[in-house]
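Hi,

Here is the structure I promised to send over. Have a look at it first, and then read on for my notes.

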Amino acid sequence: MATGRTHRPATRSRGIPEATVARLPLYLRALTALSERSVPTVSSEELAAAAGVNSAKLRKDFSYLGSYGTRGVGYDVEYLVYQISRELGLTQDWPVVIVGIGNLGAALANYGGFASRGFRVAALIDADPAMAGKPVAGIPVQHTDELEKIIKDNGVSIGVIATPAGAAQPVCDRLVAAGVTSILNFAPTVLTVPDGVDVRKVDLSIELQILAFHEQRKAGEETAAGDGALPAATARDTSADQGPDGDVPAVMPA
């Protein structure tokens, strides 16, 4: 057994690093915005700024896709949208189930960005019998008793867990047993999955805690600046915290 992402996507076998794969959606979002404005080409500097990365990293990432752009012209926006969409597997329809239709689950169900990005909410599932049959975002909620049948009937391989922490692992186990191989976890807990199953975790409280850390540090810097000195913790070279790609991890390892 293993926790988190243990399966290596197909892109790994083609030599595309995980860090590059994680940035492809950022590039796609920026390129889609350009496409909607009918912008035909974009320079690496402009696209990097829109995606929030540096241009050297962007050019290296695109080299893995075999896309180098044209000197003096830049990158063809529509072609890059197609290239990245194909690499991410977004040129096909991905049915998704959301389990746990509380406030967060209902908000996810109502999110309008799924369809435009290659995902279709195939079913909403909840353990509360009182929720069964109630429409959320135009989709009737189904009881968890039907989970396995729903996954089989819809050919679902991606599941979203938005349950309370205590219910997340049992739900995860059932999803995996039913054939789901990728899980997006919003529950505030770490899931244990077998090899071959990918898990992505979204924890809003952790992100807020990281922001609180930075706010506290900035306040300390302002106080120290008023005293004419930098605190030792901020005066050091932060390059030691950078990963192999030059990224500073959002959460430092314990």
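One term before anything else: when I say contact, I mean heavy atoms within 4.5 Å. With that in hand, take serine 85: setting aside neighbours within four places in sequence, its contacts are Leu28, Leu90 and Thr91. Serine 85 sits in helix H5; helices (H or I, at least four residues) and strands (E, at least two) are DSSP runs, numbered from the N terminus. Serine 85 counts as buried because its relative accessibility is 14%, where buried means under 20% relative accessible area, exposed over 50%, and partly exposed in between (1.4 Å probe, protein chains only).

Some housekeeping. This is a predicted model, so local features need pLDDT of at least 70 and side-chain atom pairs count only at pLDDT 80 or more, while totals for chains, interfaces and linings use all residues. Residues are numbered from 1 along each chain as its sequence is written, and side-chain values use heavy atoms, with hydrogens and water left out.

The overall picture: the chain has 11 helices and 11 strands. Of its 254 residues, 34% are buried. Among contacts between residues at least 6 apart in sequence, 57% join residues at least 24 apart.

Now the sheet. Seven strands form an open sheet with mixed pairing, in the order E6-E7-E5-E4-E8-E9-E11. Strand E6 (135-136) and strand E11 (198-201) are at the edges with a single partner strand each, so one side of each has no neighbour in the sheet. Two strands count as paired if DSSP finds at least two bridges between them.

E4 runs parallel to E5, joined by 6 bridges, and valine 97 has alanine 123 as its bridge partner in E5. E4 also pairs with E8 in the parallel sense, over 4 bridges; there, valine 99 stands opposite isoleucine 161. Valine 96 and valine 121 are 25 residues apart in sequence, yet their C-alpha atoms are 4.8 Å apart. Beyond neighbours within four places, the contacts of valine 96 include Phe119, Val121, Ala123, Ile158 and Val160.

Over at E9 (residues 182-185), the pairing with E11 is parallel over 4 bridges, and asparagine 185 stands opposite lysine 201 in E11. Helix H9 (residues 165-177) packs on the sheet, touching E4, strand E8 (158-161) and E9, with its direction at about 170° to that of E8. Helix H8 (residues 147-154) lies across strand E4 (94-99), strand E5 (119-126) and strand E7 (139-143), and runs at about 165° to E5. For these angles, axes are lines fitted to C-alpha atoms (for helices, over the stretch in contact), and the values run from 0 to 180 degrees between N-to-C directions.

Last, helix H4 (residues 55-64). Its buried residues are Ser55, Lys57, Leu58, Asp61 and Phe62. They are on the same side of H4, because they cover an arc of only 155° around the axis, the arc being that of the directions from the helix axis to the C-beta atoms. Their cover includes helix H2 (18-36), helix H3 (44-51), strand E3 (75-76) and helix H5 (77-87). Just after H4, glycine 66 takes a positive phi of about 80°.

Cheers
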